[in-house]
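Please keep the sequence and the coordinates at hand while reading.

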Amino acid sequence: MKHIVSGIQPTGSLNIGTYLGSIKNFVKLQESYQDHHFFLFIADLHAITIPRDRLELRKTIKEVAALYLACGLKKDNLSLFIQSEVEAHSQMSYLLQCFTYIGELERMTQFKEKAQKQETGVTSGLFTYPTLMAGDILLYDAEYVPVGDDQKQHLELTRDIAIRVNNRFGDFFTVPKPLIPKVGARIMSLTEPTKKMSKSDTFVKSRILLLDDENIIRKRIMSAVTDTDGIIKFDPKNKPGISNLLTIMSAITNTSIEQLVTTYQNTDYKTFKEAVADCVVAELKPIKEKYSTIINSGELDAFLDKGKADANRVARKKIAKFNHKIGLGRKQK
Ligand code: AMP
Ligand code: TRP
């Protein structure tokens, strides 16, 4: 059976950027790829590349796990697990570091941005993060990897590493393909719409969290930064605020941006923003309700246990084969 793999870092409460760029897309893909098995995980090993409070981290791991299910993922063709509970991920990361050049890692824009923000105490874990991510994907021979736009470069590096290993040792890894949503791959900040909506933005008004109350959601959208020309049209360069709101509405309602522009072009920003707020509120309401049932049930732990067992079965086999392939250990009988 073919595999689809993706992960989300537990680095803070999830916002609608992560939701529209990844989880909502996973839900859709589960419909269109029913013959594939999904390995989705909470990337806690990635989260510690930057210092985290340990109790906060543990709480967020559980929250992200519950949100995956609350967003409507079906359990049949899914293994949901916590990355650190499958040791092969850390092992594979080290092995792949030995097939990755320093120059390649130095070129990663996400590393450059994060390192710049941090200035001191930049860890080597942050630097080698793309090899951890490559391992996450190659361990499962993923055919497809659904991600938002910001992960494209890491995916390209993963493909380069896979091809390099295959050239040296014969076809060993499946070379994965990214699946980037047509609409919603890059949801922008509500306060600075030329920047990505991010969990780490210090400005809370820049984002909407999946678990935010209705009145907060409405306030955030009504005060989203736009422009003064009063025209509703899609033009990300000159009208990033309005274009972002159109993108959010389009990704939620599955209506094309052109269609939305036709519907709203003769209204004003207030009317349009109210409509966007209504659709965000309606989308998040059932998610919040499901979340509160799931987070307090034993169902979640049972499902994570099953996911851990499934993932370990596949990943342990692959890492043992890889060790052998590259000449580690003793000759197998
Ligand atoms: P992260 O929350 O950084 O672990 O990202 C999890 C997934 O959500 C990745 O596939 C990202 O590409 C995607 N993602 C994160 N932020 C956004 C955003 N603002 N717009 C669209 N996709 C996003
Ligand atoms: N690095 C991704 C992010 O920050 C999360 C992630 C980790 C991931 N491992 C992955 C995504 C493997 C897809 C596949 O968003």
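Two strands are said to pair if DSSP finds at least two bridges between them. Helices (H or I, at least four residues) and strands (E, at least two) are DSSP runs, numbered from the N terminus. The model is predicted, so local features need pLDDT of at least 70 and side-chain atom pairs count only at pLDDT 80 or more, while totals for chains, interfaces and linings use all residues. Residues are numbered from 1 along each chain as its sequence is written, chains are lettered from A and ligands numbered from 1 in the order in which they are written, and side-chain values use heavy atoms, with hydrogens and water left out.

The chain contains 13 helices and five strands. Its radius of gyration (taken over C-alpha atoms) is 21 Å, close to the 20 Å that the globule rule gives for 333 residues, so the chain is as compact as a globular protein of that length. The globule rule is 2.2 Å times the number of residues to the power 0.38.

The five strands form an open sheet in the order β3-β2-β1-β4-β5, with parallel pairing. β3 (78–82) and β5 (177–179) are the edge strands; each has a single partner strand, so one side of each lacks a neighbour in the sheet. On average, neighbouring strands are turned by 25° against each other, direction ignored; the axes are lines fitted to C-alpha atoms, for helices over the stretch in contact, and angles run from 0 to 180 degrees between N-to-C directions.

Val 145 has Pro 178 of β5 as its bridge partner.

Is β3 covered on one face or on both? Leu 78, Leu 80 and Ile 82 on one side, and Ser 79 and Phe 81 on the other, are all buried. Buried here means under 20% relative accessible area, exposed over 50%, and partly exposed in between (1.4 Å probe, protein chains only). In a regular strand the side chains alternate between the two faces of the sheet.

β3 is also among the elements against which the buried residues of helix α4 pack, together with α2 (44–47), α7 (124–138), α8 (152–169) and α13 (298–325). Contact means heavy atoms within 4.5 Å. In α4 (residues 88–97) the buried residues are Ala 88, His 89, Met 92, Ser 93, Leu 95 and Leu 96. They fall within an arc of 165° seen down the axis, so they line one face of the helix; the arc is that of the directions from the helix axis to the C-beta atoms.

Helix α9 (residues 214–222) buries Ile 217, Arg 220 and Ile 221. These cover an arc of only 95° around the axis, which puts them on the same side of α9. Asn 215 and Lys 219, on the other side, are exposed. The cover over the buried residues of α9 includes α10 (240–253) and α12 (269–295).

Over the whole chain, buried residues make up 52% of the 333 residues. Of the contacts with a separation of 6 or more, 76% come from residues 24 or more positions apart.
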